[in-house]
Every structure is written in C-alpha cells, then in structure tokens.
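Work through the exercises below with the sequence and the coordinates at hand. Each task is followed by a solution in steps.

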Amino acid sequence: YKEVFRASHTFKGLCASLGLISLQRSSSFICDAVRDGEPLNDIEPLIDLFKFDYAKIIDAIGKIED
C-alpha cells in the first residue's frame, strides 16, 4: 500500500500541475483509498476509472497535430 499510495500521490500532483483534472481526480481516489494502509475489498473500480481517464488523456494527446 505504501508504494501504491506514493505512486498515486505523485501522479495526482503531476496531473494537478498539468491541469489534467479528470486524471487528478481518479488518482486522488486511489490515493485516498490506500492512505491508511488498510486492506481493501475492491479497489478494482478505482483502477478502472483511472485507466479510463488515462486512456482519454492519451487519446487527446494523440490527436494533437504538430
């Protein structure tokens, strides 16, 4: 949980700095869920939301023309 917390917290801050609000929000959900280090029954919906938001950002970046 420490590594998941650290990674999600770092990613949340990076997304905030870049203005990627949806990805910041889904990173924050994961960060908050593992903050206390308590075992989680089902973190999968949070991971799925993060993956969805990440895919939207990657798709948008791919559409940017030089």
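**Exercise 1.** In which helix do F50 and Y54 both lie, and how many residues apart are they?

Solution. The model is a predicted one. F50 and Y54 are both in helix α3, with a spacing of four residues, about one turn of the helix.

**Exercise 2.** Find the aromatic pairs in the whole structure and classify each by its ring geometry.

Solution. 
- Step 1. The search of the whole structure gives two aromatic pairs.
- Step 2. For F11 and F50, the ring centres are 5.4 Å apart and the planes stand at 70°, so this pair is edge-to-face; the cut-off for that class is over 60 degrees.
- Step 3. F11 belongs to helix α1 (residues 2-18) and F50 to helix α3 (residues 44-62), so the pair ties together parts 39 residues apart in sequence.
- Step 4. For F50 and Y54, the centres are 6.2 Å apart and the planes are at 20°, so this pair is stacked; here the planes must be under 30 degrees apart.
- Step 5. F11, F50 and Y54 make up one aromatic cluster.
- Step 6. On accessibility, F11 has a relative accessible area of 26% and is partly exposed. Y54, at 41%, is also partly exposed.

**Exercise 3.** Locate S26 and describe its surroundings: is S26 buried or exposed, and what does its side chain reach?

Solution. 
- Step 1. S26 sits in helix α2 (residues 21-34).
- Step 2. Its relative accessible area is 0%, so S26 is buried; the limit for this class is under 20%.
- Step 3. The S26 side chain reaches the backbone oxygen of L23 at 3.3 Å.
- Step 4. A polar contact at 3.1 Å joins the side chains of S26 and D53.
- Step 5. With neighbours within four places in sequence left aside, S26 is in contact with L49, F50 and D53.

Definitions and conventions:
Residues are numbered from 1 along each chain as its sequence is written. This is a predicted model: local features need pLDDT of at least 70, side-chain atom pairs count only at pLDDT 80 or more; totals for chains, interfaces and linings use all residues. Side-chain values use heavy atoms; hydrogens and water are left out. Helices (H or I, at least four residues) and strands (E, at least two) are DSSP runs, numbered from the N terminus. Buried means under 20% relative accessible area, exposed over 50%, partly exposed in between (1.4 Å probe, protein chains only). A polar contact is a pair of N or O atoms within 3.5 Å; within protein, one must be able to donate a hydrogen and the other to accept it, and residues adjacent in sequence count only if both atoms are side-chain atoms. Contact means heavy atoms within 4.5 Å. Rings of Phe, Tyr and Trp (its six-membered ring) pair if their centres lie within 6.5 Å; planes under 30 degrees apart count as stacked, over 60 as edge-to-face and the rest as tilted.
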